[in-house]
Amino acid sequence: MELLNKLDTQLQALAAQSLIRTRRTVETPCAPRVTVDGRELLAFCSNDYLGLAAHPAIAAALQEGADRYGTGSGASHLISGHSRAHVALEERLAAFESPYLVDARALTFCTGYMANLAVITGLAGVDKNTEIFSEALNHASLIDGARLARTGVKVYPHADVEALAALLEASSATNKIVVTDSVFSMDGDLAPLPALLALCERHDAWLVVDDAHGFGTLGDNGHGALEHFELRSPNLVYMGTLGKAAGVGGAFVAAHATVIETLVQRARPYIFTTAAPPALAHALLTSLDIIEGPEGRRRRNHLQALVAQWRECLALRRWQPLASETAIQPIVIGPNDETMRASAALYEQGFWVGGIRPPTVPADTARLRVTFSAAHTEAEVAALAAALNQLERT
Ligand SMILES: *Cc1c(COP(=O)(O)O)cnc(C)c1O
């Protein structure tokens, strides 16, 4: 069949460039030690930064939520799917981020991907003369949100505040939206949020912060990037995800109440989808208690200690560890095939480390993306460092 032949040819072309992606089936809960295809592996590739994805108290809360609310929400939030559990979660999340926002409200979403589509299209939709300023290394969901907004998009170079200043200066848009990851997902570094916010305030622009990798891990209380940088502004629109450090799933936007009301009224990725199961919202209340409490602080401290240990034990000559102080510790190898060979060799030795290739990262910067969790031990971190140091020499 002609149609299938065309697809086959394209898949073969991907394979020839070492760009075929495969899925491995995990038999056990998300944790440092997982069973994959009958083998026990030590995993360094999840975004479960605090080790909450299989936490017994959160699992018990999920069961309690199912007992109380059943399994499905049954409809979108604006029809009949908005449950008491969603309201409680919104209030709790608004309280989390209220020190950094003005008149804060929060709104929950099924996924971070949808939250980003909603924020960008929702903010852009109110003015025909909108321009979006997007950081070069932004997550795909932010890029897709900007595309869906069907308005002008300027991409500014990674962490280049001066370049952004020049673009804002030159813009005649009456609605300016600056969009950035806080922790860059494939690099692990932090955006210069204080300088970006100062610029946005000067130019009367929104600053949309995607804190997928900061929520739960950054700040003394785990409130994320805004707490870490001690920011506070009505220009901030904050997006946090709940499937990474929070260990469950979903996402939220926190911002001034008027921004949130605009999203409720206008954002199609909020309006035209079934609300997440209320039991998930109920489980998240326990996750947030842990994040903000002493256990969360202990877990963040341990994670920071592991990252410091890792940076000390790693002794590479050709491969490039990126300058990151977060739980995301990428090592740039360059070519796709060499990167995937390194990932496969580690796998053979019992370590699961993902290889990241274009288009997720720029061409010729394929890398191993090592991520740490508070559930890892010092011995496990030392074992991976020794294996990598050895592997680079062979
Ligand atoms: C994971 C991620 C998202 C998407 O969140 P999901 O809840 O997984 O859909 C958005 N932005 C960044 C930077 C991410 O890493």
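Modeller: What follows begins with the annotated residues, and then turns to the neighbouring hairpin and the aromatic contacts.

The model is a predicted one, and the annotation comes from an unreviewed UniProt entry, which places the feature "binding site" at Arg-21, His-139 and Thr-360. Of these residues, Arg-21, His-139 and Thr-360 are included in the lining of the largest pocket.

Arg-21 is found in the loop that runs between helix 1 (2–16) and strand 1, and because its relative accessibility is 46%, Arg-21 counts as partly exposed, given that this class lies between 20% and 50%. Once its neighbours within four places in sequence are left aside, Arg-21 is in contact with Arg-357, Pro-358, Pro-359 and Thr-360, and Thr-360 is itself one of the positions that UniProt lists.

His-139, for its part, lies in the loop between strand 4 (130–135) and helix 6 (140–148), and it counts as partly exposed because its relative accessibility is 30%. With neighbours within four places in sequence again left aside, the contacts of His-139 are Asp-181, Ser-185 and Asp-210.

Strand 1 pairs with strand 2 (residues 39–43) in the antiparallel sense over four bridges, with Val-36 standing opposite Arg-39. The two strands form a hairpin with two residues between them, and in the turn Asp-37 has a positive phi of about 50°.

Among the ring contacts, the charged end of Arg-24 sits over the ring of Tyr-347, 3.6 Å from its centre. A search of the whole structure finds six aromatic pairs, one of which, between Phe-109 and Tyr-270, is edge-to-face, with 5.3 Å centre to centre and 70° between the planes. This pair links distant parts of the chain, as Phe-109 belongs to strand 3 (residues 104–109) and Tyr-270 to helix 11 (residues 268–271), 161 residues apart, and both Phe-109 and Tyr-270 are buried. Tyr-238 and Phe-252 form a tilted pair, with 5.7 Å centre to centre and 45° between the planes; Tyr-238 lies in strand 8 (residues 236–241) and Phe-252 in strand 9 (residues 251–256), so this pair ties together parts that are 14 residues apart in sequence. Tyr-238 and Phe-252 are buried, and together with Phe-96 and Phe-215 they form one aromatic cluster.

Terms used
Residues are numbered from 1 along each chain as its sequence is written. This is a predicted model: local features need pLDDT of at least 70, side-chain atom pairs count only at pLDDT 80 or more; totals for chains, interfaces and linings use all residues. Side-chain values use heavy atoms; hydrogens and water are left out. Two strands pair if DSSP finds at least two bridges between them. UniProt positions are given in the numbering used here, feature names are shortened, and annotations may be inferred rather than shown by experiment. On a 1 Å grid over the protein atoms alone, a cavity is a set of points where a 1.4 Å probe fits but cannot get out, and a pocket is an open set with protein on both sides within 12 Å along at least five of seven lines; lining residues have an atom within 4 Å of a point. Buried means under 20% relative accessible area, exposed over 50%, partly exposed in between (1.4 Å probe, protein chains only). Contact means heavy atoms within 4.5 Å. Rings of Phe, Tyr and Trp (its six-membered ring) pair if their centres lie within 6.5 Å; planes under 30 degrees apart count as stacked, over 60 as edge-to-face and the rest as tilted. A charge sits over a ring if NZ of Lys or CZ of Arg is within 6 Å of the ring centre and within 35 degrees of the ring normal.
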